[in-house]
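I opened a notebook for a structure that is new to me. The entries below record what I looked up, in the order I went.

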Amino acid sequence: YASGTLQQRKPPGVPTSVVSRPWGVRPRGRRAFHAASCSFQEVMLTSERYRVQRLPFSHLSDRDVAFFEGIMPGRVITNPEELKPFNVDWLKSVRGDSKLMLKPQTTAEVSQVLRYCHERNLAVNPQGGNTGLVGGSVPVFDEIILSTVLMSRIISFDKVSGILVCQAGCVLEKLNEYLEEQGFIMPLDLGAKGSCHIGGNVATNAGGLRLLRYGSLRGTVLGLEVVLADGSVMDCLASLRKDNTGYDLKQLFIGSEGTLGVITAVSILCPQKPKAVNLAFLGCQSFAKVLETFTTCRAMLGEILSAYEFMDEKCMELVEKHLRLSSPVAGSPFYVLIETSGSSSTHDEEKLNNFLEQAMTSGLVTDGTVATDDKKIKTLWSLRERITEALTHDGYVYKYDISLPVGKLYDLVTDTRARLGHNAKNVVGYGHLGDGNLHLNITADSYSHSLLDAIEPFVYEWTARYHGSISAEHGLGFKKKQFIQYSKPSEAVLLMQRFKAMLDPKGILNPYKMLPSGS
């Protein structure tokens, strides 16, 4: 089983099936996030599509632009053509109308900008790599875009403790490459890692593919530097594993989506780079088998299990159709991708082989392949990571990022598919099964209010019925903010509104996002 395809062991009375399909996926040097081709101008303005009323913020003046030019000459963007890609989200589903983008390089510059905007009552949209999927990273109206793209300096790295301190604009993939040279890795991994910024990851509490092994950013982030709405700087950039002095203020800003402050620097605990990595891509005949396979692999692989992803056959069809990728495993209703990471290849392969033999012999898995070298591992990962990209080529995408009890995870996909029928082009389900995180995606030829009404609030009501969360890792942004009550009680929402009013009394930071309208 060390590498290549799997041969199903023959249970009594069951004929042997040998898998011998060639590798058909183009090798990729890195996992990246690819934008779908679409004219920015084709995207309807968010304010028109969703009929949003502009809040009474000041309008940008020539005097304002001159002030910003004085702070950061040459890093003030006003050209409408240059601004277009920063006004539209990656999904090409929402579009703002900002007339100005600022590119600070230091925390002091961010502080000067926010102090001025607070005095002038100018709304600000913090923006990292603009890879968000809920409309939280782009303006709704004419908010000033405050980009962290030039805040990309690594401040320090301690090889003994594994603690990295860096500016918020560092690209996740670049950080990982830097750490790998030191024998470490970042504790999170996303399909968007080639574009997303660590500050944006923290601001949205991004989950991703390594959460099963290393936990969430709420545990790995040790400290933050944040500029508040009035320009004051909160320097809690601690590099300590333990600090029990007072309230843990950084937790307010992790997952706050830029509504409480602008994260300018991050201190994060990084694990050592595994010396041995294996990847198994397996086919299962039902979701019940997917669940049983997870239970078995968690028990048999134990500490070396680092990822357990699942996807349905519709996902694979779209990846093959739109991206010309082909899976080495075919003909199954469901697929699982299992990654192991450890310090001994002999030990890990033995454990993986024992698990695979058990899974094949017991009929949990009917088909599969294993990769141990880096090139084939990345090739297999691309089948999972590029599903989001394939969906954008299928039409307009309605995206839902749900947490549910693991046993109910796929029932939502089945019920949504039955409810929408032919009104939807495709209804697919995939995600981080080990974390109970489902990505439910519905595609249509174009945006439709009637289809949206059929999906929402049905999906949220279904999720609430089983005590799930309407946002597992993407955040609420603009698109989900009105549905927060399906996951949080009114008392909790009220407390969030009080925090917002205290830290940003004028509401200039990322308005129209995260909290319900009227907050």
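Which residue in strand 3 is the bridge partner of valine 76? I looked it up, bearing in mind that the model is predicted. The partner of valine 76 is leucine 102.

Entry on the strands. I noted that strand 3 covers residues 101-102 and is joined to strand 2 by 2 bridges. The two strands run antiparallel. I then looked at the sheet around them and found 4 strands in the order 2-3-5-4. The sheet is open, and its pairing is mixed. Its edge strands are strand 2, at 76-77, and strand 4, at 124-127, each of which pairs on one side only.

I looked up a nonpolar patch and found Leu495, Phe499 and Met502 making one of about 290 Å². I placed leucine 495 in helix 18, which spans residues 490-503.

Entry on the whole chain. I counted 18 helices and 17 strands in the protein chain. The C-alpha trace spans about 80 × 55 × 45 Å along its principal axes. Of the 519 residues, 56% count as buried. The accessible surface comes to about 21100 Å², and carbon and sulfur atoms hold 51% of that surface. Last, I looked at contacts with a separation of 6 or more: residues 24 or more positions apart account for 76% of them.

Note on methods: Residues numbered from 1 in each chain as written. Predicted model: local features only at pLDDT ≥ 70, side-chain atom pairs only at ≥ 80, totals over all residues. Heavy atoms only, no water. Pairing = 2+ DSSP bridges. Patch = residues over 30% accessible without salt bridge, like charges linked within 9 Å, V, L, I, M, F, W, Y side chains within 5 Å. Areas by Shrake-Rupley, 256 points an atom, 1.4 Å probe, with all protein chains shown as cover. Salt bridge = Lys/Arg side-chain N within 4 Å of Asp/Glu carboxyl O. Buried < 20%, exposed > 50% of the residue type's maximum accessible area, 1.4 Å probe, protein only. Contact = heavy atoms within 4.5 Å.
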